[in-house]
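Work through the exercises below with the model open beside you. Try each task before reading its solution.

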Amino acid sequence: MLDRQVERFSDREALVHNETGARYTYTEFRNEVERVARGLMALGVQRGHHVGIWATNYTEWVLTQFATAKIGSVMVNVNPAYRTHELAYLLEQSEANALILIGRFRNSDYAAMLNEVVPDLKDSNPGELSNSRFPYLRDVVAGAPTPAGMWSWAEMVGRHTEVSPEQLAARQAECQPDDPVNIQYTSGTTGNPKGAMLTHHNLVSNAVFVGDCIELTEHDRLCIPVPFYHCFGCVMGNLGCITHGSAIIIPAEHFDPLKTLQALDRERCTALYGVPTMFIAQLDHPQFDSFDVSSLRTGIMAGSPCPIEVMRQVIDRMGAHQMTIAYGQTAATLHTAHHTPDPSPNYRAHSERSSAGVLTARQVLPGVEAEGSD
């Protein structure tokens, strides 16, 4: 899919990181994805191997997402807020073969937490970890400075020279639409989170339907402040853009209303994702009126009940007259129903009379079976 999109949109921008300054065209993005993919193969990552990623919204997250898909491995999303007991559960339950992590986030020192969970890691050579509790885990890749027992990201990518483009192409050709490509852990009601195993077909088809719902094209630039570890970010966001030739605009490592507004203005974003509280934080920011967000056309508000008043302000003050609402479940590849509010006076009058005060997703997506009951 990515290769086909490169043929169509080679010189158009594929990804921009507002905070780090990273900027890739579709061709540049595909080339870097393939360097990462070949680097992972050089570490010994095989088709079907599980590769965890414990990071916030960095460019490397998106590169890993597409690189693991190219080599037929399964990316395992790790919540950046996890503590040591949750990390241990995920590594063991997912049978992770490799883990990619950033150094720290807020008050979490990821390397120290991993060493607490896997104490013999720091005494191992990179790629030679042997631990009875995590028998599948061999490779850990980290950012700089790189702790003992781990590969640096640069070392891993640098090893791409050990794997030829032809070897990567052969591996990619082995991938099938119904092969698992992603494990996303979703909160359960019976204890520990449950790992939802999703296939290439699950993710790509959902990304296509989502993009179609908001009419994404190669002329759109989607601002994605929602976290990548959740399918709102990595499926509806990253994949939704690539399947439609749009640009992924990452405003920051984690949600920040000011940096999101800066990205909307600077990158002339036409679409915006977020949960209701994210939109509220931007609308209420004291510098809101100093930014030009007139390029906004559409987007998705989801993740919790969407108040009518917030939607009205998003349409009126942000100019996103085609803002939409989505509903879904991780185990169902997230997006299952959609609703596009009508910005007409009739819609607004009806909204003002609504006793619930919230908007709902009403249209079931293609390929989804639903049953209504009262």
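The exercises go from the whole chain to single residues, and the model is a predicted one.

**Exercise 1. The chain as a whole**

Task: State how many helices and strands the protein chain has, and what percentage of its residues count as buried.

Solution: 
- Start with secondary structure. The protein chain holds 13 helices and 20 strands.
- Next, burial. The chain has 374 residues, and 53% of them count as buried.
- Then the surface. The accessible surface of the chain is about 16,000 Å², and carbon and sulfur atoms account for 49% of that.
- Last, contact range. Take contacts between residues at least 6 apart in sequence: 73% of them join residues at least 24 apart.

**Exercise 2. The nonpolar cores**

Task: Find which residues have the most contacts inside the largest nonpolar core.

Solution: 
- The largest nonpolar core has 92 residues. Phe29, Trp54, Leu101, Leu114, Tyr273 and Ile300 have the most contacts inside this core.
- Helix H2 (residues 26-43) supplies the largest share of this core, with nine residues.
- A second core is separate and has 25 residues, including Val16, Leu272, Phe279 and Leu283.
- Now look around leucine 101. Leave out residues up to four places away in sequence. Leucine 101 then touches Trp54, Tyr110, Ala111, Leu114, Val140, Val141, Ala142, Gly143 and Met150.

**Exercise 3. The open sheet**

Task: Give the strand order of the seven-stranded open sheet and name its edge strands.

Solution: 
- The order is S9-S8-S5-S3-S4-S10-S11, with mixed pairing.
- S9 and strand S11 (194-199) are the edges, since each pairs on one side only.
- Zoom in on one pair. Strand S5 (residues 98-101) and S8 run in the parallel sense and share four bridges. Within this pairing, isoleucine 100 has valine 141 in S8 as its bridge partner.
- Helix H4 (residues 84-93) lies across S3, strand S4 (74-78), S5 and S10. The angle of H4 to S4 is about 165°.

**Exercise 4. Salt bridges**

Solution: 
- Arginine 47 pairs with aspartate 179, with the closest N and O atoms 2.8 Å apart.
- Check burial here against the 20% cut-off. Arginine 47 has 38% relative accessibility and counts as partly exposed. Aspartate 179 has 18% and counts as buried.
- Aspartate 220 and arginine 297 form another salt bridge, at 3.2 Å from N to O.
- Compare the bridge between aspartate 109 and arginine 104, at 3.4 Å from N to O. Aspartate 109 is partly exposed at 29%. Arginine 104 is partly exposed at 47%.
- Finish with a network of salt bridges, which links Asp3, Arg30, Glu34 and Lys70.

**Exercise 5. Backbone exceptions and a buried glutamine**

Task: Locate the cis peptide bond from alanine 144 to proline 145, and determine whether glutamine 65 is buried or exposed.

Solution: 
- Most residues other than glycine have a negative phi, and most peptide bonds are trans.
- The bond from alanine 144 to proline 145 is cis, with omega near -5°. Proline 145 sits in the loop between strand S8 (139-142) and strand S9 (151-152).
- Arginine 106 has a positive phi, near 55°. Its place is the loop between strand S6 (104-105) and strand S7 (108-109). Arginine 106 is exposed, at 59% relative accessible area.
- Glutamate 215 also has a positive phi, about 60°. Glutamate 215 is in the loop between helix H8 (200-213) and strand S12 (221-223).
- Glutamine 65 belongs to helix H3 (residues 59-70). Its relative accessible area is 9%, so glutamine 65 is buried. Setting aside neighbours within four places in sequence, glutamine 65 contacts Met75, Cys234, Asn238 and Leu239.

Notes:
Residues are numbered from 1 along each chain as its sequence is written. This is a predicted model: local features need pLDDT of at least 70, side-chain atom pairs count only at pLDDT 80 or more; totals for chains, interfaces and linings use all residues. Side-chain values use heavy atoms; hydrogens and water are left out. A nonpolar core is a set of buried Ala, Val, Leu, Ile, Met, Phe, Trp, Tyr and Cys residues joined through side-chain atoms within 4.5 Å. Buried means under 20% relative accessible area, exposed over 50%, partly exposed in between (1.4 Å probe, protein chains only). Helices (H or I, at least four residues) and strands (E, at least two) are DSSP runs, numbered from the N terminus. Contact means heavy atoms within 4.5 Å. Accessible areas come from the Shrake-Rupley method with a 1.4 Å probe; for residues, only the protein chains shown count as cover. A salt bridge is a side-chain nitrogen of Lys or Arg within 4 Å of a carboxyl oxygen of Asp or Glu. Two strands pair if DSSP finds at least two bridges between them. Axes are lines fitted to C-alpha atoms, for helices over the stretch in contact, and angles run from 0 to 180 degrees between N-to-C directions.
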